[in-house]
Amino acid sequence: MRERIWAPPLLLLLPLLLPPPLWGGPPDSPRRELELEPGPLQPFDLLYASGAAAYYSGDYERAVRDLEAALRSHRRLREIRTRCARHCAARHPLPPPPPGEGPGAELPLFRSLLGRARCYRSCETQRLGGPASRHRVSEDVRSDFQRRVPYNYLQRAYIKLNQLEKAVEAAHTFFVANPEHMEMQQNIENYRATAGVEALQLVDREAKPHMESYNAGVKHYEADDFEMAIRHFEQALREYFVEDTECRTLYHYMQVLVCQHECVRELATRPGRLSPIENFLPLHYDYLQFAYYRVGEYVKALECAKAYLLCHPDDEDVLDNVDYYESLLDDSIDPASIEAREDLTMFVKRHKLESELIKSAAEGLGFSYTEPNYWIRYGGRQDENRVPSGVNVEGAEVHGFSMGKKLSPKIDRDLREGGPLLYENITFVYNSEQLNGTQRVLLDNVLSEEQCRELHSVASGIMLVGDGYRGKTSPHTPNEKFEGATVLKALKSGYEGRVPLKSARLFYDISEKARRIVESYFMLNSTLYFSYTHMVCRTALSGQQDRRNDLSHPIHADNCLLDPEANECWKEPPAYTFRDYSALLYMNDDFEGGEFIFTEMDAKTVTASIKPKCGRMISFSSGGENPHGVKAVTKGKRCAVALWFTLDPLYRELERIQADEVIAILDQEQQGKHELNINPKDEL
């Protein structure tokens, strides 16, 4: 009987065969020390559960104690695992490749691998004060910590304990990872108002150092402070490679090369987001090459430009920059001697080696592997500056947008507007330029006064509190009550006789009218479909309007998650990413407040304000180019028909399709009555 020799799967060995990183400092470079607590490390999931339970029972002091302990335990666990990995890698280095392939040539390698594994288990058990299995947590808990949910509990508990500064820190830390959380945004503003300090310092307790330095570099770059920009970008790169080493070390002991490869994506992803910043690592070198050029350090500019080309070798602008930087060098310097920066050179070399190994292993194991595009070209510098060839340094002209100017988010279609309005009596008011934005239009007389009154009558007969808001009476602000109804509900109510059928059908007809106007005005080449249709009224609650400083609907975008601090809008769930156009058709003006506003992506700078009135319609594209909100309704009831449209038929509104079927049945019945010469009034 032939003896079977065990061999580890190729994918499990590949991470251990790769050379260690050659950047980011020595393995034990100084890191922020964590406060040690006596005794074995308590599992963070148990502390988290205890803190949440204490919060719900009203024991806010214990809630704070246990939640803070859970966060410390979570950080300490990662620190222990990282240190153990480094310690054991140093104690059990991999042996050099054997000179021959005789029997047992692979044994030194296996001996080293097994030694590392035993060392790691021993180190982890010792430092944790018990078995590592105690610290395995569920996917739900892991997700809560990734989304920073414990900080949501903390900010509420600190407020109950009247510890405002700590509440603001916790609220901001949560909000950074959850910029779509409208209530938290409002809480932060309320805390600031309560403290009486508008510029109360906002601290992100879970800030990623490399991301903070990168953001600071971008801000200095946009302010033309290139020396400070260089300092921060260089710091960001040092921190990036340290974080990359730590990320890979943690995955190293999971022995999954694919996960190590994904560290590129992980380090480019902002807290709480699913999608990474496009082209993140190469962008550092793109910013740096231009900043070094502006301060007259042409050798460093050339090194950074050549480094960028390692990721995008066909970038024509940067290729031109390389030629130009070479022309600026002293005659004593040979341009060919200036090479791409070593840090990125080594990084890209290792990355390509990993890719080849993964593909080879995948083929050997019988499954396919497609290399993700980690550095997408259209993730570029916001200013799009490039150095024009043949221009001297002092008089260099910067082409494209001026530095510091933010580009509007990209829209994946041709932008056109000004098409026919299709119906008589509709009054054109303002276009995009007059509304200080992109893909915007304001129209009047889309509804008549009589139609507005009729829709109000329908609303009073069919609306339910919280409809369309998962049953929440006050989904956006505690100072107003929200009611709503869909087209299908209106038609069913009309069919059942609870409201006049003619009035119910008006809701259906005017929404179709709005759809046709939007499709025509923006000159769309394909059909625009309904994705959601909702009649909504918001009513100011008496006794709650004094000193209001909140909004009726906080600033947001309709198809992406607005992130004002990053000046981004992330097109990913839970946003309705399939929405393409939006419209609001107003039914009344007998209320106070409630103006519709557009803002910049900072969610603060108002670019246009619109006072609702009967028959007025505002329509706009649904992306991050059009952040918007609603000012507080301080008296009365504000009603409108809200419409969202999509160009993708896969996301057509199901209730709208059902409403179309109801209308078809009603039309058939009406046609039959006419054929029999029956007066519909005779049946009443």
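Predicted model: local features only at pLDDT ≥ 70, side-chain atom pairs only at ≥ 80, totals over all residues.

The structure holds 5 disulfides. I start with cysteine 88 and cysteine 119, whose sulfurs sit 2.1 Å apart. Cysteine 88 is in helix α3, residues 60-91, and cysteine 119 is in helix α4, residues 107-128, so the bond links distant parts of the chain, 31 residues apart. The S-S torsion is about -80 degrees, which means this disulfide is left-handed. Cysteine 88 has a relative accessible area of 0% and is buried; cysteine 119, at 11%, also counts as buried.

Next, cysteine 452 and cysteine 614, with an S to S distance of 2.0 Å. Here the torsion is about 100 degrees, so the disulfide is right-handed. Because cysteine 452 lies in helix α17 and cysteine 614 in the loop between β12 and β13, the pair ties together parts 162 residues apart in sequence. Cysteine 452 is buried at 3% relative accessibility, and cysteine 614 is buried at 13%.

The link is right-handed, with 115 degrees about the S-S bond. Cysteine 537 is in strand β5 and cysteine 639 in strand β15, 102 residues apart. Both cysteines are buried.

Now the glutamate. Glutamate 189 is in helix α8, residues 182-195. Its relative accessibility is 28%, so it counts as partly exposed. Glutamate 189 and aspartate 550 are 361 residues apart in sequence, yet their C-alpha atoms are 7.9 Å apart in space.

Definitions and conventions: Residues numbered from 1 in each chain as written. Heavy atoms only, no water. Helix = DSSP H or I, 4+ residues; strand = E, 2+ residues; numbered from the N terminus. Buried < 20%, exposed > 50% of the residue type's maximum accessible area, 1.4 Å probe, protein only. Disulfide = S-S within 2.5 Å.
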